[in-house]
Amino acid sequence: MPPALPRRYAYLALLLSSLQPATAMLLYDNGPESAAGGIRLDETVVAQDFRLAAAALIDTVTFAGTERFVPSDFAWRIYADNSGKPGALLLEGSGTAVRTFLGTTATATRYRYTLDIGALMLAAGDYWLGLSGSIGTTWSGAPDNGSSQTLLLDDDPFTDPFVGWKPALLVHPEQSFQILGTLQIDTPPTAALLGSAALALAAARRRTARRS
């Protein structure tokens, strides 16, 4: 059995053993569902802006919507902001969302969708979430919160020669979604403290071992 540590070093062991990994938290909420089936996702990319108050690692997107067929696959994109419109593409992916049943409409089933988007470190600032989906999927509206209105990506020059991002012109100009992840905390002082604590703990063990 290893020798017991002096009492004055016990708090160092407690400090080191109390460290817990960071857990995901809500970083941005664009509002609750207010209009089921607000806009179709099977025709183009639909984008809505969001703001991070501090640097964060984002890893999950949730949003409200409806579907007619299962399973529903979605493609997602995270854009930088460019003067109130989506700018540089920062990250993209696709997959089947985890669904939580919300109810039904006359023509479709309502769900809360959860997408694991991997991990993307973002500084504080404005960004855009872009979504598109399989046939029969929609993205539900949310109450107007004063941010930029929903935009659609028109990338077909045969239907409209002026391609690019355009207003969706909806009754509900916002979409219901949330961004989750982990805040990026400035940790050098904490890291230095823990390093010192670890060294002190090791030294205490060596001194106690020599006395025994």
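**Aromatic pairs, burial and confidence**

In this predicted model, the count comes to 12 aromatic pairs.

Me: What makes Tyr28 and Phe50 an aromatic pair, and why is the pair called tilted?
Reply: Their ring centres lie 6.1 Å apart. The cut-off is 6.5 Å, so the rings pair.

Me: How do you know which class Phe50 falls in?
Reply: Phe50 has 1% relative accessibility. The limit for buried is under 20%. So Phe50 counts as buried.

Me: What makes Tyr28 and Phe177 a tilted pair?
Reply: The centres are 5.7 Å apart, and the cut-off is 6.5 Å. The angle between the planes is 35°.

Me: Where in the chain do Tyr28 and Phe177 sit?
Reply: Tyr28 is in strand 1 and Phe177 in strand 14, 149 residues apart. Both Tyr28 and Phe177 are buried.

Me: Which aromatic cluster includes Tyr28?
Reply: One cluster holds Tyr28, Phe50 and Phe177, and its members also include Phe63, Phe74, Tyr111 and Trp139.

Me: Why is Met25 called partly exposed?
Reply: Its relative accessibility is 36%. Buried is under 20% and exposed is over 50%. Met25 falls in between, so it counts as partly exposed. Met25 lies in strand 1 (residues 25-29).

Me: How do you know where confidence is lowest and highest among the elements?
Reply: Mean pLDDT is lowest, 43, in helix 1 (residues 10-17). The highest, 97, belongs to strand 14 (residues 177-183). For residues 7-20 the pLDDT is below 50, and the model gives this stretch 16 contacts beyond near neighbours in sequence. Residues 190-194 also stay under 50, with three contacts beyond four places in sequence.

Me: Why should low pLDDT limit the reading of coordinates?
Reply: Where pLDDT is low, the predicted coordinates should not be read in detail.

Me: What is the mean pLDDT of the protein?
Reply: The mean is 79, and 69% of residues reach 70 or more.

Methods:
Residues are numbered from 1 along each chain as its sequence is written. This is a predicted model: local features need pLDDT of at least 70, side-chain atom pairs count only at pLDDT 80 or more; totals for chains, interfaces and linings use all residues. Side-chain values use heavy atoms; hydrogens and water are left out. Helices (H or I, at least four residues) and strands (E, at least two) are DSSP runs, numbered from the N terminus. Buried means under 20% relative accessible area, exposed over 50%, partly exposed in between (1.4 Å probe, protein chains only). pLDDT is the predictor's confidence in each residue, from 0 to 100. Contact means heavy atoms within 4.5 Å. Rings of Phe, Tyr and Trp (its six-membered ring) pair if their centres lie within 6.5 Å; planes under 30 degrees apart count as stacked, over 60 as edge-to-face and the rest as tilted.
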